[in-house]
Amino acid sequence: MTHEFRYHAPGSLAEALELLERHAGDAVVLSGGTDLLVNIRSGLSKPSHVIDIKQIPELKTLNYDGKNGLTIGACVTVNEILSYEPVAESYAVLQAAGAELATYQLRNRATAVGNIVTASPCGDMSSPLLCLDAEVVIVSRNNTRRVSLREFITGVKTTVLAPNELVREILVPPTYAGAEAGYKKLKRIKGHDLGVIAVALVKHGGLFRVGISSAAPTPLLLPEFAVGTPPEEVQDAAAAAISPIDDVRCTKEYRAFMVGVYIERLMSEVGA
Amino acid sequence: MKRIELTINGDLYRRDVHEHRTLLHVLREEIGLTGTKEGCGAGECGACTVIMDGLPLNSCLVLAVEADGAEIETVEGESKDGELSGVQQAFDRHHAVQCGFCTPGMLMTIKDLLRRKPKPSRAEVIEGIEGNFCRCTGYEQIIEAVLDATGQLEEKGEIKHA
């Protein structure tokens, strides 16, 4: 790493938010670092201050109860989510998508909050969390606000976060706990890779919802469908919603085609 | 500069490090433990895998200051009194080392895998090393070495050790 910065490791959220306020615009928040440190190394990010939030106990919260659903604190790693029993029991789509996120080593550092804050079109946690109506709790020194994930991600790697704000946690309502679900990620190789496209499907109470990654500037959530809807109808809705691009991984035509294929496969596997 | 303490393979090291230095660079350049390798520097290849507080991770994506107070295991801790570890000996028997660049990271990933799954199936070994690239493409030998080190080849009668 050639770019130099000051490193802070505050022990409380108040202290972290104070630092973020003081250095707003010239500070970045560090948790897993699996995107941030790559960006600093490549020169994409040149902060003067790096605020490591891993010493803040409340950001490690990982909790589920039937009334409030699932709370995922900012410093909870993907492997911690995967080994948390309520997730395995009640949020099959997070379990399936988390296991597809990078490698075991990376998942020991990478966080779900970091994944949505990075707001990559291919973020593995985004489309499943969209299907689950997740909300994001945003804090700054003087304010706390809740934003739906749908509004949180605004474009390719952009969010509604202001420079003095950080995400404290993700809230997953209990609405879809126990829902049958699936996540399919198309990759160039069998091992770990960024997704060519990915589709999440969550079935609940006679309805099902479909989330799509890597086929538009942001991960997408389609309107709900009734179980038994012909796949062609869902595929048409997807085709109208996506705006895929050509890149090093494949062409836009292939992306569009495979979104349709994965929708049909998931509908058949999950029984939608 | 910040003063940090690292316990590496049981030995305590204190160093004053620049805040932007990675754990990988401090291990290699400040402490002189050059077994851990830098491949991509971006968390893709796994050559820099070390075990930190019981979890394998890419040391190129950890700041040295983040590791302050941590227990680190690196490849240098594998052999004891000049004797290679069981997995290292199996790597030797199966020619699981060609250029050797991926080997230190591979060994640390496998060490952690065997802690979690003492007798991994072939599929579990393949999945277990997904975060470690071998560009000599010697995966088959590496997988065989892990199955052998865990006694599974001998059990199947595919191999017999004296």
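**Close-up views of a predicted two-chain model**

**View 1. Buried residues of helix H2 in chain B.** In this predicted model, helix H2 of chain B spans residues 86-93, and its buried residues include B:Val87, B:Gln88, B:Ala90 and B:Phe91. These four lie on the same side of H2(B), because the arc that they cover around the axis is only 160 degrees. An α-helix has 3.6 residues a turn, so residues three or four places apart point the same way. Just after H2(B) comes B:His95, with a positive phi of about 55 degrees.

**View 2. The parallel three-stranded sheet of chain A.** Three strands of chain A form an open sheet with parallel pairing, in the order S1-S3-S2. Strand S1 (6-8) and strand S2 (27-30) of chain A are the edge strands, each pairing on one side only. From one strand to the next, the twist averages 25 degrees. Helix H1 of chain A, residues 13-22, packs on this sheet and touches S1, S2 and S3 of chain A. The direction of H1(A) makes about 165 degrees with that of S3(A).

**View 3. Pairing of S1 with S3 in chain A.** Strand S3 of chain A comprises residues 49-52 and runs parallel to S1(A), to which 3 bridges join it. A:His8 has A:Ile51, in S3(A), as its bridge partner.

**View 4. The antiparallel five-stranded sheet of chain A.** A further open sheet of chain A has 5 strands in the order S4-S5-S10-S6-S7, with antiparallel pairing. Its edges are formed by strand S4 (62-65) and strand S7 (143-148) of chain A, each of which pairs on one side only. The twist from one strand to the next averages 20 degrees. Strands of a sheet pair through backbone hydrogen bonds, either parallel or antiparallel.

**View 5. Pairing of S6 with S7 in chain A.** Strand S6 of chain A, residues 135-140, is joined to S7(A) by 6 bridges, and the two run antiparallel. Within this pair, A:Val136 stands opposite A:Val147 of S7(A).

**View 6. The contact between chain A and chain B.** Chain B contributes 22 residues to the contact and chain A contributes 20 residues. On the side of chain B that touches chain A, strand S4 of chain B (residues 55-58) gives the most, with 4 residues. That side of chain B has 8 nonpolar, 9 polar and 5 charged residues.

Technical notes: Residues are numbered from 1 along each chain as its sequence is written. Chains are lettered from A and ligands numbered from 1 in the order in which they are written. This is a predicted model: local features need pLDDT of at least 70, side-chain atom pairs count only at pLDDT 80 or more; totals for chains, interfaces and linings use all residues. Two strands pair if DSSP finds at least two bridges between them. Axes are lines fitted to C-alpha atoms, for helices over the stretch in contact, and angles run from 0 to 180 degrees between N-to-C directions. Two residues are in contact if their C-beta atoms, placed from the backbone, lie within 7 Å. A residue is buried if 20 or more other C-beta atoms lie within 10 Å of its own, exposed if 12 or fewer, and partly exposed in between; C-beta atoms are placed from the backbone. The arc is that of the directions from the helix axis to the C-beta atoms. Ala, Val, Leu, Ile, Met, Phe, Trp, Tyr, Cys and Pro count as nonpolar, Asp, Glu, Lys and Arg as charged, and the others, Gly among them, as polar.
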